[in-house]
Every structure is written in C-alpha cells, then in structure tokens.
Amino acid sequence: MKRLAILGSTGSIGQSTLSIVEQFPERYSVAALACGRNLDQAFAQTVRWRPKLISLATEELAGELSTKLKQVGVTGIEVVYGTQGTVACSTLPEADFVVSAIVGVAGLEATHAAILAGKPVGLANKECMVAAGEILTRAARQRNVPILPIDSEHNAVHQCLRVGAHSEVKTIWLTASGGPFRQLPLDQFAAITPEQALKHPTWVMGRRITIDSATMLNKGLEIIEACRLFDVTAAQVRVTVHPQSTVHSLVEYVDGSILAQISVTDMRLPILYALAYPERPASTLTFNLAALSHLDFEPPDFERFPCLRLAFDAAEKGGAHCIALNAADEVAVEAFLDRRIPFTGIPRTIERVLASTPEAHPATIAEVLAADREARETARALLA
Ligand code: MG
C-alpha cells in the first residue's frame with residue numbers, strides 16, 4: 001500500500017490522481033492533501049478521503065474548513081495552511097509518495113522538502129524543475145530519491161529511457177501539438193485574442209498553460225525540464241511538431257534507433273505510471289492502434305514561436321535565466337489575458353527580462369524564490 005501526499009489535490013492532476021486511488025484501493029491511499037482556495041472541494045475531498053493532514057492557502061480558509069468538518073462530525077483530521085502547511089503535507093512521516101501538482105513556484109519548497117525527507121516524487125509541476133531543477137536533481141541524486149515525471153512528454157521519455165544507458169542517448173525528441181496557431185500567417189499573430197489563444201486543439205488545461213501552448217513557451221519550459229530531469233544538454237533536446245499528440249515523445253539512441261511512446265491523451269496514464277513505477281498495473285486506458293491512419297511530424301517554426309529560441313538559450317545558460325524565463329512569462333501571460341499587451345508582446349517581454357538577467361546559479365530554494373520575485377518585478381516594471 002502506497003500512502004500518498006497530494007500537493008494540489010483540487011487541480012486537474014490532483015483530481016485525476018484521486019480517481020486512480022479510487023480505482024486501485026488495494027494499492028493506494030491518501031495520507032495528506034494540500035489545496036489552494038477551493039474550500040468546497042477541499043471539504044468534499046476531506047470527507048471522502050479522510051487524510052491525516054490537509055492544508056489550505058490561508059489561516060482563514062483553514063479555520064472555515066475546521067468548522068465545517070466539526071459540523072458534520074468529522075474529527076481527527078489536522079488542518080494546516082500556507083507554505084508551512086504544504087511542507088507539512090509533503091514531509092508527513094505517514095506519506096510514502098508525494099504527487100507534486102501545485103501550479104507555479106508555490107509548490108517548490110514543499111517539493112524540495114519531500115526530496116530532502118527521502119520521499120519519491122511524482123512531478124507534474126514543471127515550474128519546479130525549470131526554476132530549481134539543478135537543486136532538486138542534485139538533492140534527489142544524493143539521497144537516491146526517484147523523481148518520476150507526470151508531464152506527458154517527460155513521462156514518455158522516462159519510459160523510452162528504460163531500454164538504454166544514459167551514455168547511449170543521442171537526442172531526446174519532445175513532441176508538441178503546435179497549438180492553435182501552427183498554420184496562422186505570421187502577420188496575424190499580433191491580432192490574436194485571449195479567446196482564440198485559450199482554445200487548445202488536444203488537451204483541456206488551465207489558462208496559463210493553454211496560452212503557453214499557443215506561444216510554445218510551454219514546450220520551452222519542457223526543454224529545460226528535460227535537461228534537468230534526464231541530465232542532458234540543451235543541444236541533446238529537440239522539438240518536433242506532431243499535431244495528433246499521439247506520440248508523447250521519443251528517444252533517439254546513438255545506434256540510430258528511435259523509441260516512441262504512444263497512448264491515449266489522458267493524464268491518468270502518466271500519473272498511474274509514476275505511482276506504480278517500476279510496475280505496470282493493468283488499466284482501462286487503451287489506445288486503438290487499428291484506427292490510427294497516420295502520424296505527422298514537422299520541424300517547429302522558430303520565427304512564429306520565438307519563445308522556443310528563448311527557452312533553448314535559457315536552458316543552456318541555466319540558473320537565473322530559466323527562473324526569469326518562467327517568471328517573465330507568467331507576468332506577460334497575465335497581461336495578455338487582461339488585454340494589456342498583444343500576443344506578440346509575450347515573447348517580447350520575456351526577451352527583455354532575460355536581457356537584463358545576470359548569469360547566476362542560485363544555490364538554495366530561498367535564492368531561487370528571490371530571483372523569481374526579481375524577474376517578476378522587472379517584467380511588471382517593463383509592462384507598466
Ligand atoms: Mg506536457
């Protein structure tokens with residue numbers, strides 16, 4: 001029995017994780033849940049799963065949840081809050097696997113603390129690897145703690161890497177759907193509206209990641225994530241646009257073999273893989289290969305998607321540049337959604353923030369968070 005701490009339990013990855021626990025009650029149980037501000041769902045999850053510990057964003061919300069639980073006669077559950085609460089969840093002695101699915105750098109400290117506590121981590125939060133990948137992977141190696149990627153591309157790569165040695169890997173190929181503007185003429189990019197950008201062709205996701213898919217900055221973050229997770233250089237990672245999103249990624253070996261992973265586009269599969277690794281439990285997630293008629297691959301257009309080039313540069317420089325790429329993008333995407341800047345203003349903002357970012361390699365999580373705040377301030381000042 002694996003007892004889980006789920007960070008970000010009310011988000012889409014958190015909910016999918018709970019649906020897997022529901023499906024495999026003999027394999028998994030819930031020890032701790034860390035939520036944000038969704039009180040109703042936090043309450044429902046607490047009543048359903050009876051974790052030992054639950055954390056909410058603020059003291060006020062934690063108080064409200066305690067009151068609601070008392071009203072329905074649910075006792076013996078500790079309710080905590082804030083970053084400290086999330087860390088308490090990720091380091092709970094009763095938990096033996098941590099699912100890290102809080103969006104943004106908010107989950108960084110708790111993820112780091114889980115690794116330091118020796119707990120295997122299923123990582124769905126790519127910002128953690130982008131902002132602090134050097135620190136997290138070093139800590140994981142020192143303590144021999146596995147970090148199992150839940151991001152679909154990296155999960156595919158992880159699967160493909162199991163057949164060869166690290167020294168035999170030539171190139172990691174990340175597939176990208178290309179987003180909704182893959183074929184839009186370049187001169188129309190400045191007029192793209194938030195509504196158009198929020199429509200993703202294959203995945204239903206949160207707002208920021210959907211915009212990041214439209215600019216391909218999401219793939220840029222994944223380039224950095226791949227470099228850190230799999231200990232390869234930026235030159236060893238390439239992107240191929242694959243509109244069907246059927247092949248989730250590929251690994252090319254030095255002998256010329258290329259291995260690909262194919263499955264349904266359902267996040268429950270990478271989550272189950274991470275939870276069960278190194279086993280493969282039988283699931284109901286099947287892919288109809290007989291109905292597959294063709295697979296398309298094409299090189300990405302760096303002129304249309306300047307965020308890709310910015311990400312490759314940042315991946316190579318590492319440290320502060322990766323932090324700034326992520327932070328500046330989040331600020332720029334917010335500004336785009338508020339109609340303060342055009343779609344093309346997103347890469348422009350990131351580029352300007354990166355230009356003013358010194359080459360540095362923060363050594364602690366506190367330094368990472370400070371660099372993150374600084375980059376956000378720079379981005380906000382540029383947009384003001
Ligand atoms: Mg992905």
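Author: Along the sequence, the residues that donate to the magnesium ion follow the spacing D-x1-E-x68-E. In this predicted model, the protein donors are D151 through OD, E153 through OE and E222 through OE, and they lie 2.1 to 2.3 Å from the magnesium ion. Distant parts of the chain are linked in this way, since D151 sits in the loop between β7 (147-149) and α7 (152-161), whereas E222 belongs to helix α10, 71 residues apart. D151 has a relative accessible area of 9%, and because buried means under 20%, D151 counts as buried. E222, with a relative accessibility of 1%, is likewise classed as buried.

E222 also takes part in a helix contact, in which K126, M129, V130, G133, E134 and T137 of α6 meet N218, L221, E222, I224, E225, R228 and L229 of α10. By type, the residues of this contact between α6 and α10 divide into five nonpolar, three polar and five charged. As for the geometry, the axes of helix α6 (residues 126-143) and helix α10 (residues 217-230) come within 8 Å and cross at roughly 20 degrees. Because angles under 35 degrees count as roughly parallel, α6 is roughly parallel to α10. The crossing of these two helices, α6 and α10, is left-handed.

How values were computed. Residues numbered from 1 in each chain as written. Predicted model: local features only at pLDDT ≥ 70, side-chain atom pairs only at ≥ 80, totals over all residues. Heavy atoms only, no water. Axes fitted to C-alpha atoms, helices over the stretch in contact; angles between N-to-C directions. Helix = DSSP H or I, 4+ residues; strand = E, 2+ residues; numbered from the N terminus. Parallel < 35°, antiparallel > 145°, perpendicular 65-115°, else oblique. Left-handed = near helix turned anticlockwise from the far one by under 90°. Contact = heavy atoms within 4.5 Å. Nonpolar A, V, L, I, M, F, W, Y, C, P; charged D, E, K, R; others polar. Donors = N, O, S within 2.8 Å, 3.2 Å for Na, K, Ca; no water. Buried < 20%, exposed > 50% of the residue type's maximum accessible area, 1.4 Å probe, protein only.
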